[in-house]
Amino acid sequence: MGSIDEVKDLRLRSGTVDDATACGTICYEAFKAIAEAHKFTPDFPSVEVAIGVMNSLLSHPKFYSVVAEIDGRIVGSNFLDERNVIAGLGPITVDPTAQNRSIGRKLMENAHERVAKGKFPGVRLIQAGYHTRSLSLYAKLGYLVREPLACMQGPAAGIAVSDCNVRTALESDIDACNRICHEIHGHQRAGELNDAIAKGTATVVERDGRVTGYATMVGFFGHAVGETNRDVEALIGAATEFAGPGFLLPIRNGELFQWCLQHGLRVTQPMTLMSKGFYEQPNGAFLPSILY
Ligand SMILES: CC(C)(COP(=O)(O)OP(=O)(O)OC[C@H]1O[C@@H](n2cnc3c(N)ncnc32)[C@H](O)[C@@H]1OP(=O)(O)O)[C@@H](O)C(=O)NCCC(=O)NCCS
């Protein structure tokens, strides 16, 4: 990297932890501007939270980062989650004063070169449903709309689902969790699962003495899978909070969506799961994370 692109004076380079403050500030401002323009609550409650997220992504060995600069000033960044078989793209943000000048497209193309180099069979992202520009940009770059999502928030349900036992996930659960994910999605999310078990945020649901679903976390940065809706209901019902803006629910799963609404949860914003490359229609209940 380090070449000057055809966009005048734009330079793309790898990100470092030293870029966290500049990237986090832009990330905060970019999401705040587009959310407030549509009268939604911004995804990041403060610039400090956005800087903290950038810091953890920039320091994680399995996240690829690219930073855009004009005259030495950072104007945007993009990330690729390389922990799993399928890559996860984002968050991508461009300084609101520099948007709509093809910088976002360049940051996307750079990440796609990385996807090709890494021979990932597919890449996915979550798009803010009210943002016409990101929807158009991603579709122009080959992404297909896969699932309309609702971001759900509210008091943690505290509901036990009969015959389902939810407990903290252990390292000894990894094989069972990966098997369920593979059965439902056609691929595993082992890297994320390992991180979540190490952090202590992952849970599993058991029925009839065997693992039938798991969540890395029921929240914005966590995904979940279950053999049936009841398994995912049990995982949601056992969560003590829904970290961040909420968890992401595929609303074509009407039964699970209605269950959430009946238990007092509210929709905070519409989002869209989009994919490029390998994708199999899920064969079970699932909640994507903001990383896909
Ligand atoms: C989304 C974001 C990264 C895009 O970056 P950007 O530099 O503004 O976008 P670009 O100028 O590269 O690309 C916009 C493209 O969408 C097209 N476009 C924009 N609005 C459109 C519309 N309503 N209909 C059709 N096409 C549209 C533009 O013509 C352009 O296409 P082109 O690349 O073929 O010329 C940036 O706007 C941003 O940071 N937004 C706020 C944060 C955010 O929403 N991030 C993404 C989370 S999903």
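Analyst: Helix H6 (190–199) gives the most to the lining of the second largest pocket, with four residues, in this predicted model, where local features need pLDDT of at least 70, side-chain atom pairs count only at pLDDT 80 or more, and totals for chains, interfaces and linings use all residues. Residues are numbered from 1 along each chain as its sequence is written, and side-chain values use heavy atoms, with hydrogens and water left out.

A pocket here is an open set of points on a 1 Å grid over the protein atoms alone where a 1.4 Å probe fits, with protein on both sides within 12 Å along at least five of seven lines, and lining residues have an atom within 4 Å of a point. The second largest pocket holds about 380 Å³ of space, and of its 16 lining residues Arg83, Lys199, Met217, Phe221 and Leu291 are the closest to the centre. Both H2 and H6 supply at least two residues of this lining, which divides into seven nonpolar, five polar and four charged residues.

The largest pocket has a volume of about 840 Å³, and among its 39 lining residues Phe31, Ile92, Thr93, Ser134 and Tyr138 come closest to the centre. H1, helix H2 (47–59), E5, H3, E6 and H4 each supply at least two residues of its lining, with H4 providing the largest share, six residues. By class, this lining has 23 nonpolar, 11 polar and five charged residues.

The ligand sits in the largest pocket (more than half of its atoms lie within 2 Å of the grid points). The shell around the ligand draws at least two residues from each of helix H1 (20–37), strand E5 (93–94), helix H3 (103–117), strand E6 (122–128) and helix H4 (132–140), and H4 gives the most to this shell, with seven residues. The shell comprises 10 nonpolar, 10 polar and four charged residues.

Of the 24 residues around the ligand (a heavy atom within 4 Å), Val94, Asn100, Gly104, Arg105 and His131 come nearest. Among the polar contacts (N or O pairs within 3.5 Å), a polar backbone atom of Val94 is 2.9 Å from an oxygen atom of the ligand, and an N or O atom in the side chain of Lys140 is 3.0 Å from a ligand oxygen atom. A polar side-chain atom of His131 lies 3.4 Å from a nitrogen atom of the ligand. Taken alone, the ligand exposes 960 Å², of which the protein buries 78% (Shrake-Rupley method, 1.4 Å probe).

Key:
A polar contact is a pair of N or O atoms within 3.5 Å; within protein, one must be able to donate a hydrogen and the other to accept it, and residues adjacent in sequence count only if both atoms are side-chain atoms. Ala, Val, Leu, Ile, Met, Phe, Trp, Tyr, Cys and Pro count as nonpolar, Asp, Glu, Lys and Arg as charged, and the others, Gly among them, as polar. Grid points are joined across faces, edges and corners, and a volume is the space filled by probe spheres set on the points.
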